[in-house]
Amino acid sequence: MQTQIRQTDASREFFFKEGCHILEMWNDPSDPEVSIARARVEKGVKTRCHRLKGTTERYLILSGKGEVYVGEAPPAQVTPGSVVIIPPDTNQSILNNGLDDLIFLAICSPRFTSGSYVDTDT
């Protein structure tokens, strides 16, 4: 792989069925080990419970505050600087219980693909 610098186009943010807005910052088949997306959860919204098949996901909270639900662990408060590590095939969701948008990076390894996403909300 060669050195690259890519600028993210913020106008490419889209609403994802999970219940949040996603901006893919890096997700390229040439780099299958990792993907990076910025997620934005609006005030009062809880994302749908889901899991990622065979993919470890990390949330790096950038702004806002929330409550994260991971597997059988009790809900945990997250604020800027929090890092949440979510093992592969583990149910997860996040609630924005703050006053502003909850914004975080979702860093996946291997990279996120739509085929790895499983909605487990009932």
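**Figure legends: overall view and close-ups**

**Figure 1. The protein chain has zero helices and eleven strands.** The model is predicted. Read from the N terminus, the order of elements is β-β-β-β-β-β-β-β-β-β-β. The C-alpha trace spans about 40 × 30 × 25 Å along its principal axes. The radius of gyration is 14 Å, which agrees with the value near 14 Å for a compact globule of 122 residues. Buried residues account for 39% of the 122 residues in the chain. Among contacts with a separation of 6 or more, 67% join residues 24 or more positions apart.

**Figure 2. Close-up of the largest nonpolar core, a set of 21 residues.** The members that touch the most other members are Tyr59, Ile61, Val68, Val84, Ile94 and Phe104. At least two core residues come from each of the strands β2 (20-26), β3 (35-41), β5 (56-63), β6 (66-70), β8 (83-86) and β10 (102-109). Strand β10 gives the largest share, four residues.

**Figure 3. Close-up of the surroundings of isoleucine 94.** Residues up to four places away in sequence are not counted here. On that basis, isoleucine 94 touches Val41, Val45, Lys46, Thr47, Tyr59 and Ile61, among others. Further residues touched by isoleucine 94 include Glu67, Val68, Val78, Leu102 and Phe104. Isoleucine 94 is itself one of the core residues that touch the most other members, as are Tyr59, Ile61, Val68 and Phe104.

**Figure 4. Close-up of phenylalanine 16 and phenylalanine 112, an edge-to-face pair.** The structure holds four aromatic pairs. In this pair the ring centres are 6.5 Å apart and the planes stand at 85°, so the arrangement is edge-to-face. Phenylalanine 16 belongs to strand β1 (residues 14-16), while phenylalanine 112 sits in the loop between β10 and β11 (117-119), so the pair ties together parts that are 96 residues apart in sequence. Phenylalanine 16 counts as buried because its relative accessibility is 17%, under the 20% limit. Phenylalanine 112, at 18% relative accessibility, also counts as buried.

**Figure 5. Close-up of phenylalanine 16 and tyrosine 117, also an edge-to-face pair.** The ring centres of phenylalanine 16 and tyrosine 117 lie 5.1 Å apart, with the planes at 80°. This pair links distant parts of the chain, with phenylalanine 16 in strand β1 and tyrosine 117 in strand β11, 101 residues apart. Phenylalanine 16 and tyrosine 117 are both buried. One aromatic cluster is formed by Phe14, Phe16, Phe112 and Tyr117.

**Figure 6. Close-up of lysine 46 over the face of tyrosine 69.** The distance from lysine 46 to the ring centre of tyrosine 69 is 4.0 Å. Lysine 46 is also one of the residues touched by isoleucine 94.

Figure 7. The asparagine 96 side chain reaches the backbone nitrogen of glycine 98 at 2.8 Å. With neighbours within four places in sequence left aside, asparagine 96 is in contact with Val41, Glu42, Lys43, Gly44 and Val45, among others. Its contacts also include Lys65, Gly66, Asp101 and Leu102. Val41, Val45 and Leu102 are among the residues that isoleucine 94 touches as well.

Methods
Residues are numbered from 1 along each chain as its sequence is written. This is a predicted model: local features need pLDDT of at least 70, side-chain atom pairs count only at pLDDT 80 or more; totals for chains, interfaces and linings use all residues. Side-chain values use heavy atoms; hydrogens and water are left out. A nonpolar core is a set of buried Ala, Val, Leu, Ile, Met, Phe, Trp, Tyr and Cys residues joined through side-chain atoms within 4.5 Å. Buried means under 20% relative accessible area, exposed over 50%, partly exposed in between (1.4 Å probe, protein chains only). Contact means heavy atoms within 4.5 Å. Rings of Phe, Tyr and Trp (its six-membered ring) pair if their centres lie within 6.5 Å; planes under 30 degrees apart count as stacked, over 60 as edge-to-face and the rest as tilted. A charge sits over a ring if NZ of Lys or CZ of Arg is within 6 Å of the ring centre and within 35 degrees of the ring normal. A polar contact is a pair of N or O atoms within 3.5 Å; within protein, one must be able to donate a hydrogen and the other to accept it, and residues adjacent in sequence count only if both atoms are side-chain atoms. The radius of gyration is taken over C-alpha atoms; the globule rule is 2.2 Å times the number of residues to the power 0.38.
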